[in-house]
Amino acid sequence: QVSSDTKKKIAVWQPFFLGGGAEAVALWILEALKDNYEVTLHTIYPVDFSWLNKMYGTSLSETSIKVHAELPRKLARSLDFLMSNNEILRMALVYLTIKNLKNTSRKYDVLFSAFNAVDMGQQGVQYLHWTHVVESPYEKAKFWQKVLMDWVQLSPERIRQNVSVSNSKYTSEAVSKKYGIQSKIVFPPVVAEMKSLPWEQKEDLFICSGRLVFAKQPHRVINILKSVREKGFNVKLHITGAGGGGERKYQKKIYSLAEKNSEWIYIHENLPYCDYLDLVSRCRYGLHYKPEPFGISIAEMVKSGVIPFVRKRGGQIEIVGEENGELLFDDHEEAVDKIVNVLSNPALQQKISKSLEQRKYLFGEKHFTESIQSLVEEYLASSSHQNSIKENL
């Protein structure tokens, strides 16, 4: 651990915490850097570290992490709802944090975006979950997006000058195509304490984890497993995840579906992380419909000995492995066929479990934190960083 008198200053930018894999990565970036650097989190409103620690397995506090927030915490609940249901407001608040970060950028030795590609006022490090999340190509942007990009004087060239990290090979290829830049691949972390019961002690339960929002498509998961049950398999489904701060109409739809099928569907919203781990460990199977740039919940399933069924495109293929084609599907019908095939074949279950066992160690939090620490150390020592400092003197 470095003496507080000699610690370099790092700004980590993550504008909001609505629940999900991107937020988990941001928190573990803070975890990786907190001991050796003076770290300041730039965000929209103050965060509740005790709650986030329970959700994501970190050990953060306002003693170890400074927080620079644009708005008071008392507005948090209202803002969560408004941001989830109003894209223009959400992005206006995101750009407000960018504006402040750029205005204060010279205070820091390193600027680190945990929330995709962004112009931070000077060269920095950016972790990309996907492309064009914060900005859009100017010629394709909507009017209000152009207003925001002009307001913060967003520079596409400065985005390209950042040192880039991607969450998967799938995302890295998109980053190369969309931005014309190369990025190092660092898989998001899954905490080491994932529990894994022997297969015979697990139950015929499916887990579906992710925010209760339309983009995650939990209604399709329900419909697929309903078809599986109609073929004579008495499986049950546990849906877990944060509410995402909004989409109340869609959430009502999911709760209504669960209520109509209460004998086999259970919803756990904002489940504490330790209870979530216990639940995952009991499940034999997982089902995730949305193609993901990575898919942290799917990596959690693999680490816990779950067999997950996922789409044939997206970063989640890198988690389960292309060799496990029995788990990859395109649509409802193929998903039902492949699930029935695996459920009917104990030998195939054993083969897939053995294959997935070899992939568990790709997603450890120790590997992630060491990769982030090395990345920052290398960046501080790099000639590009030294040149950036000279340019800003």
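User: Two strands count as paired if DSSP finds at least two bridges between them. Which residue in strand 7 does Ser166 stand opposite?

Analyst: This is a predicted model, in which local features need pLDDT of at least 70 and side-chain atom pairs count only at pLDDT 80 or more, while totals for chains, interfaces and linings use all residues. Residues are numbered from 1 along each chain as its sequence is written, and side-chain values use heavy atoms, with hydrogens and water left out. Strands (E, at least two residues) and helices (H or I, at least four) are DSSP runs, numbered from the N terminus. Strand 6 (residues 163-166) pairs with strand 7 in the parallel sense over 2 bridges, and Ser166 stands opposite Ile185.

User: Which are the edge strands, each pairing on one side only?

Analyst: The sheet is open, with 7 strands in the order 3-2-1-4-5-6-7 and parallel pairing. Pairing on one side only marks the edge strands, strand 3 (65-69) and strand 7 (184-185).

User: What angle does the direction of helix 15 make with that of strand 4?

Analyst: Helix 15 (residues 365-381) packs on this sheet and touches several strands, including strand 1 (8-13) and strand 4 (110-113). Contact means heavy atoms within 4.5 Å, and angles run from 0 to 180 degrees between N-to-C directions, with axes fitted to C-alpha atoms, for helices over the stretch in contact. The angle between helix 15 and strand 4 is about 140°.

User: Is helix 4 roughly parallel or roughly perpendicular to helix 5?

Analyst: Helix 4 (residues 87-104) and helix 5 (residues 143-151) have axes 10 Å apart and pack at an angle of about 10°. Angles under 35 degrees count as roughly parallel, over 145 as roughly antiparallel, 65 to 115 as roughly perpendicular and the rest as oblique. Helix 4 and helix 5 are therefore roughly parallel.

User: How many residues of the contact of helix 4 with helix 5 are nonpolar?

Analyst: Among the residues in contact are Ile88, Met91 and Tyr95 of helix 4 and Trp144, Leu148 and Trp151 of helix 5. Ala, Val, Leu, Ile, Met, Phe, Trp, Tyr, Cys and Pro count as nonpolar, Asp, Glu, Lys and Arg as charged, and the others, Gly among them, as polar. The contact has 2 charged residues, no polar, and its nonpolar count is 9.

User: How are helix 13 and helix 14 set, roughly parallel or roughly perpendicular?

Analyst: Asn341, Val342 and Leu343 of helix 13 meet Leu348, Gln349 and Ile352 of helix 14. The axes of helix 13 (residues 332-343) and helix 14 (residues 346-357) come within 6 Å and cross at roughly 100°. The two helices are therefore roughly perpendicular.

User: Which strands stand at the edges, each with a single partner strand?

Analyst: A sheet of 6 strands is open, with parallel pairing and the order 10-9-8-11-12-13. One side of each edge strand is left without a neighbour, because a single partner strand is all it has; these are strand 10 (265-269) and strand 13 (328-329).

User: What is the volume of the largest cavity?

Analyst: A cavity is a set of 1 Å grid points where a 1.4 Å probe fits but cannot get out, and lining residues have an atom within 4 Å of a point. There are 2 cavities of 30 Å³ or more, and the lining of the largest includes Cys208, Arg211 and His288. Strand 8 (203-209), helix 8 (218-230) and strand 9 (236-241) each supply at least two residues of that lining. Taken as the space filled by probe spheres set on the points, the volume of the largest cavity is about 60 Å³.

Terms used: On a 1 Å grid over the protein atoms alone, a cavity is a set of points where a 1.4 Å probe fits but cannot get out, and a pocket is an open set with protein on both sides within 12 Å along at least five of seven lines; lining residues have an atom within 4 Å of a point.
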